[in-house]
Amino acid sequence: QDNGPPADMQDFGNFCGAVAERYQGRIAAYQVWNEPNLSREWGDRSPNPPEYVELLKVCYEAIEKADPAAIVISAGLAPTGTVSDLAMPDTVFLQQMYDAGAADYFDVLGVNAPGYKAPPELAPEDAESDEYGGGRWFAFRHVEDMREIMVANGDGNKQVAILEMGWTLDQVNPEYSWFAVDEATQADYLVRAYQYAAENWQPWIGLMTTIYIADHDWTPEEHEQWWWSIVLPDGTPREAYHALSEMPK
């Protein structure tokens, strides 16, 4: 599969090294893969933490050799409680990464933190109610669960990078529309998410990336990303764009 790991992991390591050498001093950080705890992001194969760590290792070592100043961020893991051949809970995947020796092969832990329908301040245990989805991973603050695993594995000196965060406006796709919010709420929740992190997660929180700035060809019918975006494909800002640009920094 095009989005699966290579048959020879060193091929990926060679690629990482070539990129880091070419852009030495120009690219500050590299994220190694995205959501390998989902089969659809791992070549339609069952999620496999030790295999991902093998890929992470060869990429990390190649980047460190080519550009020692560059930061390596582990893959953002998809928040989920599903246990099947199609998905593995992010908490389980992360612990198995540590069991496979991942701590030596990343500088910053990557996580993904969609807010679903919960406000950003909602505690993970409160998201276990049916009102918010029925699982801790349905809270933006599920990031704290991932942080606890880092600390428990002696890795608390590293920062966490949120590689995807946001609230969707989706009115089309059933798998997303059940937790859609309106534009004003999207704007409010995003600002409050940054404020919550600034007040409660320092010094361990690092990069926090809101999704998305829309591609020019996205449409509401064909791209679920259109509904998460804070700017429309023609460049028109949504309310969230203005709220984020105007919030105290």
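Trainee: What's the handedness of the link of Cys16 and Cys59?

Mentor: The link is left-handed, with -100 degrees about the S-S bond. Keep in mind that this is a predicted model, where local features need pLDDT of at least 70, side-chain atom pairs count only at pLDDT 80 or more, and totals for chains, interfaces and linings use all residues. Residues are numbered from 1 along each chain as its sequence is written, and side-chain values use heavy atoms, leaving out hydrogens and water.

Trainee: How many disulfides does the structure hold?

Mentor: One. It joins Cys16 to Cys59, S to S 2.2 Å; a disulfide here is a pair of cysteine sulfur atoms within 2.5 Å.

Trainee: And what does the pair tie together?

Mentor: Cys16 lies in helix 1 (residues 9-22) and Cys59 in helix 2 (residues 49-66), so parts 43 residues apart in sequence are tied together. Helices are DSSP runs of H or I, at least four residues, and strands are runs of E, at least two, numbered from the N terminus.

Trainee: Are Cys16 and Cys59 buried or exposed?

Mentor: Both Cys16 and Cys59 are buried. Buried means under 20% relative accessible area, exposed over 50%, and partly exposed in between, using a 1.4 Å probe and protein chains only.

Trainee: How do helix 1 and helix 2 cross?

Mentor: Their axes come within 8 Å and cross at roughly 30 degrees. Axes are lines fitted to C-alpha atoms, for helices over the stretch in contact, with angles from 0 to 180 degrees between N-to-C directions. That makes helix 1 roughly parallel to helix 2. Angles under 35 degrees count as roughly parallel, over 145 as roughly antiparallel, 65 to 115 as roughly perpendicular and the rest as oblique.

Trainee: Which residues of helix 1 and helix 2 meet?

Mentor: Among them are Phe12, Cys16 and Ala20 in helix 1, and Leu55, Cys59 and Ile63 in helix 2. Contact means heavy atoms within 4.5 Å.

Trainee: New topic! At what angle do helix 6 and helix 8 pack?

Mentor: Helix 6 (residues 183-200) and helix 8 (residues 239-246) pack at about 30 degrees, with axes 8 Å apart. They are therefore roughly parallel to each other. The contact includes Leu190 and Tyr194 of helix 6, and Ala243 and Leu244 of helix 8.

Trainee: Last one: where is Pro233 found?

Mentor: Pro233 sits in the loop between helix 7 (225-228) and helix 8. Pro233 is partly exposed, with a relative accessible area of 23%. Not counting residues up to four places away in sequence, Pro233 touches Ala214, Asp215, His216, Trp218 and Trp226.
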